[in-house]
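Hi,

Here's the structure I promised to pass on. Have a look, and my notes follow below.

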Amino acid sequence: MGKVETWPGRGSFVLAAIGSAIGLGNVWRFPFIAYKYGGGAFILVYLVSLFIIGIPILILEFALGYHFKSSAPGALRRISSRWEWLGWFALLAGFGVVSYYVVVMGWAANYFVYSANLAWGENTESFFFNKVLNLSDSIFSIGSIRLNILLGLIVCWVWILLSIWKGPLTVGRVVYVTVTVPWLILIVFVIRGVTLPGAMEGLKYYLTPNFAQLRNPELWHAAFSQIFFTLTIGFGVMIAYAAFLPPKSDIVNNALLIALADALTAFIAGIAVFATLGYHAYMVGKPVSEVAKGGPSLAFVVYPMIINSLPGARLCGLLFFAMLLTLAVDSAFSLVEAISAGVTERFGWRRWKVNVGIMIVGILVGLIYTTSAGLYWLDVVDHFVTHLGLFSVALLQCIAAGYFYSLRTLRVSINEYSDIKLGKSWEYIIKYLVPPVSIFLLVCSLRKDIISPYGGYPRLATFLGGWLPIFLFVIISIVLARIAQKRDAGGFTP
Ligand code: PHE
């Protein structure tokens, strides 16, 4: 097994973990999920989920990495060799996310260029669907590859690889910039957004809680999945990052800091988006709930609108899309880091080879999203990989740690150097609260997805983009775990 690397300095772990957490999930995904699930109704459930599920599981992932000093497959193997597959499954689910995440980065890269002359014009929606995506009218009419998007995809992948070329621990420095600058830009957007006419209607839609919706399991499932996505839970990333922590690290403080910084960023991005939606609704004379499609296109329709309304629009556009890209790149590379940590640890392969391999597969898989039906495929894969993939990883990790290992040992191990001490209630949450609640939600929504395919897509499409990849991920994970364990038994020394 390779030597254990350690973060240089205290701040770099926190920054790298914040860098992984804050990304398109906050600025692109959160607003559209919140919009899709009714704004205020969603926010309430989201906040509750953050505290009862998000933070405890984030602490669990940190604890696993820190305690076992191993990447996800290695840490889970230490619980029991029968659990190693789950670590691989997490990495594969994470890869499923990254496969389209970098495509969204590719869109942003295109928009960065469009900002130079505000190419999107007044009708930002039609520009995105017709000019950028050349969207077809159904998921199986894939048309041809959009070269501009493919180019964006390749450029972003190369950038991701270059950022971590010198090793995972150089990450610390990059994120100083990628985490702080975006905040300033978002604040400008918020100030402009809330001063637009009609903004208040948008904010009302965003912030008025709807208590009746608390009983809707679909909403909880979407909220949990978004929490996992945004905190990078269930990707195996936080486990790998915590494995690099030096002894005597304060896990609980860090987890709280990361989760709160992440939630705040999403919340602020939401204000900018919903204020602008309010403005748009005012201009076209429709209610906020009807002015946009609540899907992955939302950000690319709404942010250009707000940019149009700013003084110095071109510069703001350039800054904004540069920000989106810098926010995204450290999330994307954290996953590449996590995969290569797992593969180098368990198979002894060279890191750079693994990284290049991930990039090549990432670009190949990404091709489907660069076609005219790409947005539809992205929507399907995103739904399944988050609602089923990340969700199952989070759930099964709780079961593995709660029932096949001692949560008490993990708790003692993190409490030793934490200012805030974790109480026994953390163990109860992981062991008794998360599993039944998640299983209930999973059953409800699986039932729904089986009865009527997600998003009204043809059944074959949800099979190919959803059920099948998840099934393959499970098989591949089991095979990888087997091979790695055979290798252990054979006494190979990498
Ligand atoms: N947490 C990231 C975000 O919110 C999601 C992510 C992490 C995506 C790691 C890819 C890889 O954007």
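**Pocket and ligand notes**

α19 (459-489) gives the largest pocket seven of its lining residues, the largest share. Helices here are DSSP runs of H or I with at least four residues, numbered from the N terminus.

Before you dig in: this is a predicted model, with local features needing pLDDT of at least 70, side-chain atom pairs counted only at pLDDT 80 or more, and totals for chains, interfaces and linings using all residues. Residues are numbered from 1 along each chain as its sequence is written, and side-chain values use heavy atoms, with hydrogens and water left out.

Mean pLDDT (the predictor's confidence in each residue, from 0 to 100) is 91 for the protein chain. Confidence is lowest in α8 (171-194), with a mean of 78, and highest in α5 (84-115), at 97.

As for the ligand, a backbone N or O atom of G25 sits 2.8 Å from one of the ligand's oxygen atoms, and a polar backbone atom of T230 is 3.1 Å from a ligand nitrogen. The protein buries 100% of the 320 Å² that the ligand exposes taken alone (Shrake-Rupley, 1.4 Å probe).

Cheers

Key: Helices (H or I, at least four residues) and strands (E, at least two) are DSSP runs, numbered from the N terminus. A polar contact is a pair of N or O atoms within 3.5 Å; within protein, one must be able to donate a hydrogen and the other to accept it, and residues adjacent in sequence count only if both atoms are side-chain atoms.
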